[in-house]
Amino acid sequence: MTDQLTHPLQNHDLIQANRVLIGHGRLTKLSRRGPKTKSFFLFNDVLVYGGIVLKGHWHKTQKIIPLEDIQLEDLEDSFNMKNQWLIRTPKKSFFVGASTCQEKQEWMQHIESCRSKLLQTSGRQPGSIFAVTWVPDQESSICMRCYSTFTVTHRRHHCRNCGFVVCNSCSKHRALLRHIDPNKHQRICRICHSTLSNDTPELACVRKDSAERSSSEDDEMVISSDEDQVEESMEDQAPTRWLH
């Protein structure tokens with residue numbers, strides 16, 4: 001993987017001057033559909049998850065998170081995740097788990113070390129506003145606002161402000177949550193809509209047709225078939241490699 005990452009490519013977000021790959025490995029990420037094994041890559045200035053090189057070609061949909069926007073929280077084991085910790089970012093916050101406690105500590109220490117060096121040398125300011133973690137789909141069979149039961153046609157959605165699992169009827173409002181995206185309205189539940197409207201009357205909220213979905217609604221539900229094949233062909237618990 002190291003050789004592939006050093007190939008001279010143009011117009012790609014990962015190709016930056018002075019960017020160094022610190023290590024990479026496989027971690028379990030808790031998504032809305034449950035735990036999923038993902039490839040993680042730690043550089044000296046960003047954390048990346050998702051495939052980088054698939055079948056000899058650069059994959060374009062990996063998530064790239066600047067380290068100054070990351071906040072870590074150590075957590076105890078849960079029923080769903082062992083050796084877990086929480087990664088907070090402005091756009092999304094999520095739980096990840098390692099195969100061993102030692103691997104977990106190594107990941108957390110390397111991320112914190114790279115982040116600290118980056119902030120000291122670059123003069124960048126650390127993030128202060130972070131997205132909430134989404135309640136996984138399987139954690140609630142009913143809407144957490146109106147308590148109606150989910151079915152094949154009565155689908156689950158997530159409020160971007162509180163992270164609750166809600167039905168479409170309870171999440172028709174949209175609002176600008178600037179830490180997630182300053183230019184795009186996000187789905188919010190009716191309770192958050194009421195709270196945000198009272199706290200910030202100038203907040204722009206709009207209603208959309210109930211059949212319309214925000215483009216990011218299922219960002220954890222659909223993975224390209226190429227990436228699926230690569231993920232399945234790799235060992236779920238391949239050891240992490242630290243290069244620096």
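Helices (H or I, at least four residues) and strands (E, at least two) are DSSP runs, numbered from the N terminus. With those names in hand, select lysine 184, which sits in the loop between β12 (173-176) and β13 (185-188). Its relative accessibility is 27%, so lysine 184 counts as partly exposed; buried means under 20% relative accessible area, exposed over 50%, and partly exposed in between (1.4 Å probe, protein chains only).

Residues are numbered from 1 along each chain as its sequence is written, and side-chain values use heavy atoms, with hydrogens and water left out.

**Whole chain**

Show the protein as a cartoon: it has 4 helices and 15 strands. Of its 244 residues, 43% are buried. Contacts (heavy atoms within 4.5 Å) can be sorted by separation: among those in the protein with a separation of 6 or more, 54% are between residues 24 or more positions apart.

Now colour by pLDDT, the predictor's confidence in each residue, from 0 to 100. The mean for the protein is 80, and 74% of its residues reach 70 or more. Residues 1-11 have pLDDT below 50, and this stretch has 15 contacts in the model beyond near neighbours in sequence. Residues 207-236 also stay under 50, with 57 contacts beyond four places in sequence. Where pLDDT is low, the predicted coordinates should not be read in detail.

**Aromatic residues**

Select Phe40, Tyr49, Phe94, Trp107 and Trp242, which form one aromatic cluster. Rings of Phe, Tyr and Trp (its six-membered ring) pair if their centres lie within 6.5 Å; planes under 30 degrees apart count as stacked, over 60 as edge-to-face and the rest as tilted. By this rule there are 4 aromatic pairs. One of them joins tryptophan 107 and tryptophan 242, edge-to-face, with centres 5.0 Å apart and 65 degrees between the planes. Tryptophan 107 belongs to helix α2 (residues 101-122) and tryptophan 242 to strand β15 (residues 241-242), so the pair ties together parts that are 135 residues apart in sequence. Tryptophan 107 is buried, at 1% relative accessible area, whereas tryptophan 242 is partly exposed, at 23%.

Lysine 29 lies over the face of phenylalanine 94, 5.1 Å from the ring centre. A charge sits over a ring if NZ of Lys or CZ of Arg is within 6 Å of the ring centre and within 35 degrees of the ring normal.

**Salt bridges**

A salt bridge is a side-chain nitrogen of Lys or Arg within 4 Å of a carboxyl oxygen of Asp or Glu. The count is 3 salt bridges.

Go to arginine 19 and aspartate 45, whose closest N and O atoms are 2.9 Å apart. Arginine 19 is in the loop between α1 (2-5) and β1 (21-31), and aspartate 45 in the loop between β2 (34-43) and β3 (46-49), so the pair ties together parts that are 26 residues apart in sequence. Both arginine 19 and aspartate 45 are buried.

Next select glutamate 73 and arginine 88, with closest N and O atoms 2.6 Å apart. Glutamate 73 is in strand β7 (residues 71-74) and arginine 88 in strand β8 (residues 84-88), so this pair ties together parts 15 residues apart in sequence. Glutamate 73 is partly exposed at 31% relative accessibility, as is arginine 88 at 23%.

Then take aspartate 74 and lysine 104, whose side chains meet at 2.5 Å, N to O. This pair links strand β7, which holds aspartate 74, to helix α2, which holds lysine 104, across 30 residues. Aspartate 74 is partly exposed at 42% relative accessibility, while lysine 104 is buried at 6%.

**Cysteines**

How many disulfides are there? With a disulfide taken as a pair of cysteine sulfur atoms within 2.5 Å, the count is 0. Select cysteine 146: the nearest cysteine sulfur, that of cysteine 170, is 3.7 Å away. Cysteine 146 is partly exposed, with a relative accessible area of 35%. Finish at cysteine 159, whose sulfur is 3.6 Å from the closest cysteine sulfur, in cysteine 162, too far for a bond. Cysteine 159 is buried, at 0% relative accessibility.
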